[in-house]
Each structure stands twice: as C-alpha cells, then as structure tokens.
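My notes follow in the order I took them.

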Amino acid sequence: MPTDDHPLPSSWRALARTLRLGWAASPGLIAVAFATTVGAALPDVLIAAVLAMLTEAVVSGGPVDMVTASVLLGALAALSWLLRVVSERANRRFADRAAVFMEAHVVRLQSGIPSLEHHERPAYVNRAQLLRDHADTLSEVYQYLFQAIGALLRLGLTMALLMAIHPLLGLLCLFAVPTALVSHWRGGVEHALEERTGHHERLARHFFLLGTRASPGRELRVSRTRERVRAGRSQAWAARHRAMSRARWTTTAWRAAALAVFGGAFMGSLAWVALGGGSAAEVVLLLSAGSRLAQYIGQTLNQVHFLRTIWLEGGRRLLWLEELSRASAASGPVPPPERMRSGITLEGVSFGYPGTDRPVLDEVTLHLPAGAVVAVVGENGAGKSTLVKLLAKMYEPDSGRILVDDVPLADMSAEAWRARLSGAFQDFARLEYPLRLSIGLGDLPRAEDGEAVGRAVERADARTLVEGLDRGLDTQLGNTWAQGAELSEGQWQKVALARGYMRDHPLLLLLDEPASALDAETEHLLFEQYAERARALRDRDHITLLVSHRFSTVRMADHIVVMDGARICEQGTHAELMELGGRYAELYGIQARAYRVER
Ligand SMILES: Nc1ncnc2c1ncn2[C@@H]1O[C@H](COP(=O)(O)OP(=O)(O)OP(=O)(O)O)[C@@H](O)[C@H]1O
C-alpha cells in the first residue's frame, strides 16, 4: 500500500469535501459564520467611497452633503463593527464544534483501517502525522475560507473604486500577482518540508518519551545513557529546525521582494494622480482605497497562505485518508465459514515487510488441520510472529495464498475474519479500565457479561489474581487513576490472556508467546489450560496455534512446525521430530539439559 499508489486528491475535491463535513458538523452556525464574515467586506470598502464623498462636500461647501456623508460614515463604521463581532463569535463557536467533529472523524478513519501495513510506510506515517497534528486546526479552515472570500470581495470592490478614478489604476492589480504567486508557492514548500522532516520530529518525541517515562527510566539510569538520549533529542530537533528555518528565510525573502514590487507601483500611481490634475476627492479615494488595497492584498495573501497550508494540505490529506480507509474496507465479500472442515492451508506464502527487501516468510507451505493444537517454534527472528500476523490478516502475503477450508482468506473482510479469531500476544495491550471490562473487551458484545468474564478468568487461570485485588473484578487498573491498582508485567499478561479467552468458539485461537512474562509454574498450569481448552474446542474443529520458546509446553501440541530463516525446516509430532534428530531435537535437547542443570 505505498502512498504513491494513493496520491493526494485535488485541492478542489478536498474543498468540496471539507465544506460538506463542515455543513454536517453544524449547518446553522456555518451559514451565520459565512454570511457575517463575507458580508463585513461591504461596509469596510464603502467607507473609502464615503470618505471621498465627504471630501467632495467639504471642498464644495455643501452642508447637506456633509451631514449625509457623515451619517453614512457613522452607519457604515457601526455596521462593520457589528458584523465583525457577530462573525468572530459565530466562527469561534462553529470552530469549537467542528474541532470535536473533525477529530472524531480522523480517529475513526485511522483506527478503522483493518491492516497494519500502512503503519510501516514512512511516507504514510509522515502524512498521517501531519493530519493528526492539524486535525483540530482543520476546524479553523472555514473561518479562513470565509475570510479569504471576504478579502477577495474587498479586493474586487476596491479595484472597482480605483478604476472609477482612472481605468489604468486597475493595472495595480497586476503588480500584486507576484505576491499571490509567492504566497501560493510558499505554503506548498513549507508543507512539503514539514512532511519530509517528519521523521526528525518523531525521533525527537521518541527520545523525549524515553527520557521521561518511568519504565525505560530504570534501564537508562543503570546503563547511564540518559545523556545520550538527551543529546539525540536535541540533534533531532536541530536537524528539523535547520531545514525549516533555511526554507522560511528563503520564502520570506521572496515575499518581501514581491511586496516591494507592489509598494513601488502604488507610490508611482499616487504621484501620477496627484501631479496629473486629479481632484482632492480622487486623491483621498486613491489614498484610502489604495492603502487599503495593500492591506487587502496582504489579508488575501495571509488567508491564501493559511488555506494553502492548513486547508488545502490538511483537507487533501483528510480526503486521502477517507479514500484509503474506504479502499481497505472494500475487500472481502466472502464470509468466514461457520465451522472449519479441513483447516487452514498456506500455499507458497512469501512476505516481506513494507519498505524492506528481505523476505521474512519465503515460500511457506503448511496445513493447519481443523481441530489440532499446532505449535510453531524457531529462533528469534525466524518469522513466527509474522506468520501469526498474516493469519490474523494484519498483512496480506506478497505471493502465495492462505485458504480457510477452500476459501481464500484474501476474499474475506478483515473485520469478519477477526470476529472469528481469539488471541493473546507477546506485545499485549494494557487496558486501564476496571478489571472486568479490561477482560470483557476481548468479546465486545459481551464486554459486561459477568459470566463470560468469569469463564475467561478460569481459562486464563487468573482467579488468584482477581482474588488478590481489593475490589476484585471491579478494581480499576493502572496506578495513575484514583484507587487504581498497578499490576506486575506477568499479571498484565494474564489479564491479556483472559481477554484472549473471552470468545467461546473462535475458529482460530492465536497464542503468540502468551506466557512469556509468566513464571515456569504458572506457565505449566496454563499449559494444562491450553490442552483443556483445545480439547473443548476440538469437537468444533477449531485450531489453536501456539508460538512458544518453551519446549516443555510445545511438546504437548498435536503438530509442531519448526521455522528457520523464513522457511519451515521440519514439522511433525514431538516424537517424530525427536526421532528425526534434526533442528527440533537439537533445540529441545539444549533446553532440557539447561533445565536439568538449573534444577
Ligand atoms: N514491522 C516490521 N518491519 C520490518 N521488519 C520487521 C517487522 N516486524 C518484524 N520484522 C522482521 O521480521 C523478521 C521476523 O520477525 P518475527 O517477529 O516474525 O520473528 P519471530 O520468529 O516471531 O521472532 P521472536 O521469537 O523474537 O518473537 C525479523 O527479522 C524482524 O526484524
């Protein structure tokens, strides 16, 4: 899923989508914000024309004209103030509402993409980071958009007033073109750079978290690497700052040059009208409207700059994420089978992580028979967890296919397939909820079902853990919460394991080193639980896949798969593999001898 395959959508489509989202967030407020922000342009510009009227009246000495012009001036000033106040309030209230709406939308989109593949691609991560950082500012887009329309209206009306003095004064607009072009280019350059240097920012944040969190704190203190981490953070920030600051200096210099071109033209036209026999009213009009022209061009440029950086870029990324989310949700019209008949088959499956060349699984062919407990063993980095991830449809194979009975897993939607999986993983989540919910979330529809949670606690042999907590299943987990209890690493893993056991009848139970943080005695007890659970599932022909480094556990499996260097090198029962005298027998021997020596 390279981001190049998903180029950013066009700005105009992004604009249309952003406006529709704004309308959905609050139609009434967006309408008021639009009308007042754009409407404020009218009295603002007319003030210059009425000033010229007043000058004319003063020069000709007509008292009625003077009074009329003065009243008009006052009314326009009051109207301009009123519209500005209402527009500010309406925009602020609307932005608050839209911010909540947009953030929720972005979170929903990002967490809704079923695979993990996009998280591995730096280009995606940079794009997503920019969108996350700008998710709340996206809500300010509307204000900038309305202000940009208002600024354009001011610009147009002011030009009309100037051309009423002399049509040639319309050429002043041409001198503003360089500023508009520079502003447009500037936003794009800065945003592209922000995206390109996103990895420096991530690195700096990573070092910051390493240096400030309690868990890595122990290791950093013992290894005395705190200074190194601090320096790493400073270097990462400096690298980002250097690149950004160089680009900003360059773009600012171009902007100043472009503004100087316009300033020169305005001064020239003022001299031309004053010296060319223009009336006092015309000179006043040119002065007030012309000086405002510079201000309006500045405003238009600022709005365009913000629109370019936040709205156009943020909005385009939002639309890109929506399309990515839709595309990844679209696959999989075939439902998973109700019951497994023959099992799961991998046919010549190869896979390498995005952005790397090395295959982590190389032409793997394997059958996991329905009803069996299958164990996967192998050295660190052999590809065991990757196999589990492919079976959970976190990634799609680069080549080959996975069949569930005879149906390709690729034809099933990730959502539907995962609803039939259960799992406990080495890198488990610590869900800091009350214990009952932290376990119950393993089966969302039954998250609050006390009986189901009780069964999961039994299956994970976590009863002692529950009884040891003051408020049992009602205990809030995590010591940063009021009356929250902190658990040990092994206890957290037991909670994760119980969560994995919440579903009663999964098609596939994935256990990827689910007991790595537990002591040997607990692991032994758990293994008996595995066996019992597997027996209970067998009549429904479900598969249990266990990844483990502990051969005392592995030997009890019906079928053992040995992985080495991205391939399967041996498979069979414990007895068959021992008799073979190959890699499994060697590894088993080493562990058994070590265990005997320890004892
Ligand atoms: N997200 C990733 N991006 C790139 N490479 C990865 C990623 N995850 C794993 N790898 C690489 O894939 C290879 C296989 O990793 P995997 O986690 O499947 O091994 P494993 O057999 O489960 O190892 P262990 O026993 O240590 O858990 C490793 O060399 C690892 O560096």
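**Helix pair.** I take axes as lines fitted to C-alpha atoms, for helices over the stretch in contact, with angles from 0 to 180 degrees between N-to-C directions. I looked up H8 and helix H10 (residues 226-275) on that basis: they pack at about 155°, and their axes are 8 Å apart. Angles over 145 degrees count as roughly antiparallel. That makes H8 roughly antiparallel to H10. The crossing of H8 past H10 is left-handed.

I then listed who makes the contact. From H8 I noted, among others, Leu203, Ala204, Phe207 and Phe208. From H10 I noted residues including Val229, Gly232, Ala236 and Trp237. Arginines of H10 also take part, among them Arg226, Arg230 and Arg233. Ala204 and Phe207 of H8 are buried, as is Gly198.

Helix H8 covers residues 198-212, 15 residues in total. At 1.5 Å a residue the helix should span 21 Å, and its end C-alpha atoms are 21 Å apart, which agrees.

**Whole chain.** I keep in mind that this is a predicted model. I count 21 helices and ten strands in the protein chain. Of its 599 residues, 36% count as buried. I also looked at contacts between residues at least 6 apart in sequence: 78% of them join residues at least 24 apart.

**Valine 189.** Leaving aside neighbours within four places in sequence, valine 189 is in contact with Ala247 and Thr251. Valine 189 and alanine 247 are 58 residues apart in sequence, yet their C-alpha atoms are 7.7 Å apart.

**Six-stranded sheet.** I traced an open sheet of six strands with mixed pairing, in the order S6-S7-S8-S3-S9-S10. Strand S6 (421-425) and strand S10 (567-572) are at the edges, each with a single partner, so one side of each has no neighbour in the sheet. The twist averages 15° from one strand to the next.

I went on to S3 (residues 373-378), which pairs with strand S9 (residues 559-564) in the parallel sense over five bridges. Valine 376 stands opposite valine 561 in S9. Glycine 378 has methionine 563 of S9 as its bridge partner. With strand S8 (residues 543-547), S3 is also parallel, joined by four bridges. There I found alanine 375 bridged to leucine 546.

How many residues of S3 are buried? I get six of the six, so the strand is largely enclosed by the rest of the structure. In a regular strand the side chains alternate between the two faces of the sheet. I sorted S3 by side: Val373, Ala375 and Val377 are on one, Val374, Val376 and Gly378 on the other, and both faces are covered.

**Four-stranded sheet.** I found a second open sheet, antiparallel, in the order S2-S1-S4-S5. Its edge strands are S2 (361-369) and S5 (407-408), each pairing on one side only. Strand S1 (residues 343-351) pairs with strand S4 (residues 399-404) over five antiparallel bridges. Glutamate 347 has arginine 401 of S4 as its bridge partner. Helix H12 (residues 384-391) packs on this sheet and touches S1, S2 and S4. I read an angle of about 115° between the directions of H12 and S1.

Technical notes. Residues numbered from 1 in each chain as written. Predicted model: local features only at pLDDT ≥ 70, side-chain atom pairs only at ≥ 80, totals over all residues. Pairing = 2+ DSSP bridges. Helix = DSSP H or I, 4+ residues; strand = E, 2+ residues; numbered from the N terminus. Contact = placed C-beta atoms within 7 Å. Expected span 1.5 Å × (residues − 1). Buried ≥ 20, exposed ≤ 12 C-beta atoms within 10 Å, placed from the backbone. Parallel < 35°, antiparallel > 145°, perpendicular 65-115°, else oblique. Left-handed = near helix turned anticlockwise from the far one by under 90°.
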